[in-house]
Amino acid sequence: MTFNSFTFWLVFPCIFFIYWLLPDRILGKSQRTHYVRPRNWFLILSSYLLYANWKPAYTLILIAITLLTYFGARYIETKVEHRKKGIIFSFATLTLVPLLIFKYYNFVNESVWSLLSSCGLRYELHGLNWAIPVGISFYTFQALGYLFDVYYKKEKAEKSFVDYALFVCFFPQIFSGPISKAGELLPQIKEKRVFKYEQGVQGLKFLLWGMFLKLVLADRLGLYVDKVVADYAMYSGPTCVLSAIFYSLQIYGDFAGYSLMAVGVAKLMGFDLINNFKRPYFSVSITDFWRRWHISLSRWLKDYVYIPMGGSRCSKLRNYWNIFVTFLVSGIWHGANWTYIVWGIIHGVAQIIEKALGLNNKESKGIWRFVRIVVTFAIVTLAWVFFRMPTLVDAVAYVGHSFSGFGMPEVLSVTNFAIYVMAIAIVLFKESREEFFPMKFRFLNNHYVRWTEYVVIFCLILLCGALDSGSFIYGSF
Amino acid sequence: MKKFLKNIAIFFAIVAVVDFSIGKLFHYLQANMAGGRTGAEYYICERATEDVIIMGSSRASHHYIPERISEDLGISCFNGGQDGNGIILQYGRWKMMSKRYTPKLVIYDVTPDFDLFENDNERYIDRLKPYCYNPEVRDYVCSLYPEEKLKLFSKLYRNNYKFLETLSDILHNGKTTGYIPLYGKIRDEVVNAPENSERHYESPDREKCIYLKSLAEEIKEKGCELVFVVSPYWKSLDYDYSAIESIAKELNVPLLNYSKCPLSYNREYFEDSVHLNDKGANVFMGMLLNDLRQLFAFCG
């Protein structure tokens, strides 16, 4: 059940009221359990029910990963240093098994089969015709991150199984992140929660803006993109370029919209989750882009892939290799397809070049900053083409076709186009203001102007949004 | 919490007022629109009194020329074809139309993708939502999708996505007969595709078949004539018509299938593989009118 489904918005108010009506803690009867936490139990129940609403059997995977990492972490903590390496390797591999089977088995099977066929050998294993459990990459990485944190002694192994189970299954983030760290979320699960007005209002604002990004910007642009991508050879080069730009905006609206809604829902339940986006299309370099895009994944990859490999505290060449591998892992994490791997490689190579040229941390102002933003956006958009297309051949053909012919791009539908222009203008204004002129347009902070903005945004969602509960792009990762 | 809930209540109260006011404005615009898509839609739902009504998808709106029917048969005609739609929309429209009057003849152009095969039926109710002030339509929409009962409280939701179309249609003043001519020509790649190279044999959609049957039964009950027509397709397209054939046979409704007629082999008559151009529509009209004269006495 996703945040843009009507059913969720029927169910969520009930969850909200029951949650806040329940006492935070009740004194336990035995000495061993000093108190029980009805709200945490209720959140676990709600999270599992919402997850089971999609495919009940797949909750077993969620339970398995929770049990494995909970007991794994406790076991690691008790072991002496020299034996820990083997144990963490075993538990991490076991935790990754469901992800590897569901997400990568078919890909590896097909790739090996085509490799063997090209050598004249044919040995075919049957593919799995199973749906990938929703959010599996997100909760597996979150649980794995906790396991590594205990291994690196950044965190102590959690004693309360209930608290840990909630950390893994917490419904606002289970479907598409953000990937929280144990150090951020577990203390919030443990502490006494009281409803804070400001936090609740902030949550509603995030929800509203997230909805706008998803339903009005992403899903509407998706109509144009889907049409062009499905039959790109029939459209002109400029139309393909426009469609690629629209896809960059679509995936941003889709994922940032989801993340904002997740953060918003969590705030309404009294939790603060990490904000996954910080105006990524105003980045001046690819390195800067990854500080602003899917921040929780970038942080995960940095902490558990890049730094353990040596990070930047090594030779230049080794550092470049570390960057390359990190982004290769990022590509593979996104999906079992060569297109994602190439997408990851483009980002990795771009960052290596930036580092070699010293552009990664260089600040720019004025026109030079603008040029760098445009160049970064162009590279990111090119990489998104590989991300979007079903095969590498299609992606290369699409890029080639984009550079053929001149002229104005096709509008396809005047009504839809008017909505795209309006949605893009609103998003651009809001984000430009936050990025470049945070102290200007102060009249927008006026109480009545803000309320007008909220009402207008809400009405625009009802009038222009794609209200048919389209799925989230990152929901399939 | 009290302040929080109070502010939420105020917010939704303001939204409700805005929603109601804008909804009223759109209803006024729709009801007073002479032309454009909005005007044509309102006309077919609330005003049409023509003897012959054409129903179907974009193929209906591009293939049937009401002026030709009126001239040749001496009876008035309106084309209510709607692109990207089929029986789910047209049955709702029939509910509104039949409450007001009974035409002499309904020509239903069958497009397998929209009238027979399984796909997402939810999108077909979109164009009925602005008319949900009508209890029959509202009940029909809610019987298809019960959650709409709540959603339809919002008038903005009813006009979701259509509001820009409504606003732009203010500029279109001319009254239309519903026919939308096409003047393009079919592409070489499509022409060179071998005959029947695009086969579509999909399982029939239970819901669509039920409403096709209900439409046929209700039309007959009202004493109106009905004819199912499959207008020409380009030769490379091949569909399974067994579902409509069995419905037509069961209810004793004539079915005229021109899907593979001499027109299907002449590129001069096609805009693309599913749509005739204006030239093709004129030729097709000649064939259809001849057959209608033989089928119905009042067309003689």
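Predicted model: local features only at pLDDT ≥ 70, side-chain atom pairs only at ≥ 80, totals over all residues.
Visitor: Before we dig in, how do you know how confident the predictor is in chain B?

Guide: Chain B averages a pLDDT of 90, and 99% of its residues score at least 70. Within chain B, confidence is lowest in strand E4 (residues 198-200), with a mean of 74, and highest in E3(B), at 96. For the complex, the predictor gives an ipTM of 0.85 and a pTM of 0.87.

Visitor: OK, on to the sheet. What makes E1(B) and E2(B) a pair?

Guide: Pairing takes at least two bridges. Strand E1 (residues 52-55) and strand E2 (residues 77-79) of chain B have three, in the parallel sense, so they count as paired. If you want a spot to look at, Ile53(B) stands opposite Phe78(B) in E2(B).

Visitor: And what joins E1(B) to E3(B)?

Guide: Four bridges, again parallel, link E1(B) to strand E3 (residues 105-109) of chain B. Look for Met55(B), whose bridge partner in E3(B) is Tyr108(B).

Visitor: How many bridges carry on from E3(B) to E5(B), and from E5(B) to E7(B)?

Guide: E3(B) and E5(B) run parallel and are joined by five bridges, with Leu105(B) partnered by Glu225(B) in E5(B). E5(B) and E7(B) also run parallel, over three bridges, and there Val230(B) has Asn257(B) as its partner.

Visitor: Put together, what is the strand order, and why are E2(B) and E7(B) at the edges?

Guide: The order in chain B is E2-E1-E3-E5-E7, an open sheet of five strands with parallel pairing. E2 and E7 (255-257) of chain B each have a single partner strand, so one side of each has no neighbour in the sheet. From one strand to the next, the twist averages 20°.

Visitor: What makes you say that both faces of E1(B) are covered?

Guide: Val52(B) and Ile54(B) lie on one side, Ile53(B) and Met55(B) on the other, and all four are buried. Buried here takes 20 or more other C-beta atoms within 10 Å. Strand E5 (residues 225-230) of chain B is mostly covered, with five of its six residues buried.

Visitor: Then why is Cys261(B) called partly exposed?

Guide: Cys261(B) has 16 other C-beta atoms within 10 Å. Buried would need 20 or more and exposed would need 12 or fewer, so a count in between is called partly exposed. You'll find Cys261(B) in the loop between E7 and helix H14 (278-295) of chain B.

Visitor: What is Cys261(B) in contact with, beyond its sequence neighbours within four places?

Guide: Pro232(B) and Met287(B). As for Tyr233(B), this residue is 28 residues from Cys261(B) in sequence and 8.4 Å away in space, C-alpha to C-alpha.

Visitor: Over to chain A. Why are H13(A) and H14(A) called roughly antiparallel?

Guide: The axes of H13 (residues 316-334) and H14 (residues 338-357) of chain A cross at roughly 155°. Angles over 145 count as roughly antiparallel, so H13(A) and H14(A) get that name. Their axes come within 7 Å, and H13(A) passes H14(A) in a right-handed crossing.

Visitor: Which residues meet there?

Guide: On the H13(A) side, they include Tyr320(A), Phe324(A), Phe327(A) and Gly331(A). Among those on the H14(A) side are Tyr340(A), Trp343(A), Gly344(A) and Gly348(A).

Terms used:
Residues numbered from 1 in each chain as written. Chains lettered and ligands numbered in written order. Helix = DSSP H or I, 4+ residues; strand = E, 2+ residues; numbered from the N terminus. Axes fitted to C-alpha atoms, helices over the stretch in contact; angles between N-to-C directions. pLDDT = per-residue confidence, 0-100. Contact = placed C-beta atoms within 7 Å. Parallel < 35°, antiparallel > 145°, perpendicular 65-115°, else oblique. Left-handed = near helix turned anticlockwise from the far one by under 90°.
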